[in-house]
Amino acid sequence: MDAQRIDHVHLRIPEDEIEHAIEFYQGLLGFPLEGFDEYEADETPIFHFRLTPDTIIHVRPTDEFVHPERENFDHLAIILDEDIEDVKQELEDAGVIIEREGTPYGATGEAPAIYVRDPFGYLLELKEPAAETA
């Protein structure tokens, strides 16, 4: 198989907390909301947030939501095209708790990152692009 990239991640959230998803992913992180009109019209059970032209986060509201636990889900890593210190300050100003910081290794190499939880308990690694080596 010749994999090219991850197309999407699919997260379940509590059915009665949709506004928290929109506030966090669109409001705080700046990821555009898509497909919400179709969701509200009961044409689809999901809506999503656009990270890049070819990557989205599907969100599925459900009354059967169970908070993720470390044993079955660890984190989602997202590379941002921003200085991580600026992102950190913006999120701290908004009251988001930075759980930890580091320079983890990922698909594109090592780069500074911070770890935060969304309103539903999912851990996100927000990461700068790795520095290019010459």
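## Ground rules

Residues are numbered from 1 along each chain as its sequence is written, and side-chain values use heavy atoms, with hydrogens and water left out. Because the model is predicted, local features need pLDDT of at least 70 and side-chain atom pairs count only at pLDDT 80 or more, while totals for chains, interfaces and linings use all residues.

## Salt bridges

The structure holds 4 salt bridges, each being a side-chain nitrogen of Lys or Arg within 4 Å of a carboxyl oxygen of Asp or Glu. One of them joins the side chains of Asp 54 and Arg 5 at 3.0 Å, N to O. Asp 54 sits in the loop between strand 3 and strand 4 (55-62) and Arg 5 in the segment before strand 1 (8-14), so this pair ties together parts that are 49 residues apart in sequence. Helices (H or I, at least four residues) and strands (E, at least two) are DSSP runs, numbered from the N terminus.

Another bridge pairs Arg 50 with Glu 34 at 3.1 Å, N to O. That pair links distant parts of the chain, with Arg 50 in strand 3 and Glu 34 in strand 2 (residues 33-34), 16 residues apart. The bridge between Arg 117 and Glu 99 has an N to O distance of 2.7 Å. Here Arg 117 belongs to strand 9 (residues 113-117) and Glu 99 to the loop between helix 3 and strand 6 (100-102), 18 residues apart.

## Buried positions

Buried means under 20% relative accessible area, exposed over 50%, and partly exposed in between (1.4 Å probe, protein chains only). In helix 1 (residues 18-28), the residues Ile 18, Ala 21, Ile 22, Phe 24 and Tyr 25 are buried.

Where does His 48 lie? His 48 is in strand 3 (residues 47-52), and it counts as buried because its relative accessible area is 16%. Leaving aside residues up to four places away in sequence, His 48 touches Pro 32, Leu 33, Glu 34, Ile 56, Ile 57, His 58 and Val 59; contact means heavy atoms within 4.5 Å.

## Backbone angles

Most residues other than glycine have a negative phi. Asp 42, however, has a positive phi near 60 degrees. Asp 42 is placed in the loop between helix 2 (36-40) and strand 3, and counts as exposed because its relative accessibility is 72%. Just after helix 1, Gly 30 also takes a positive phi, of about 80 degrees.
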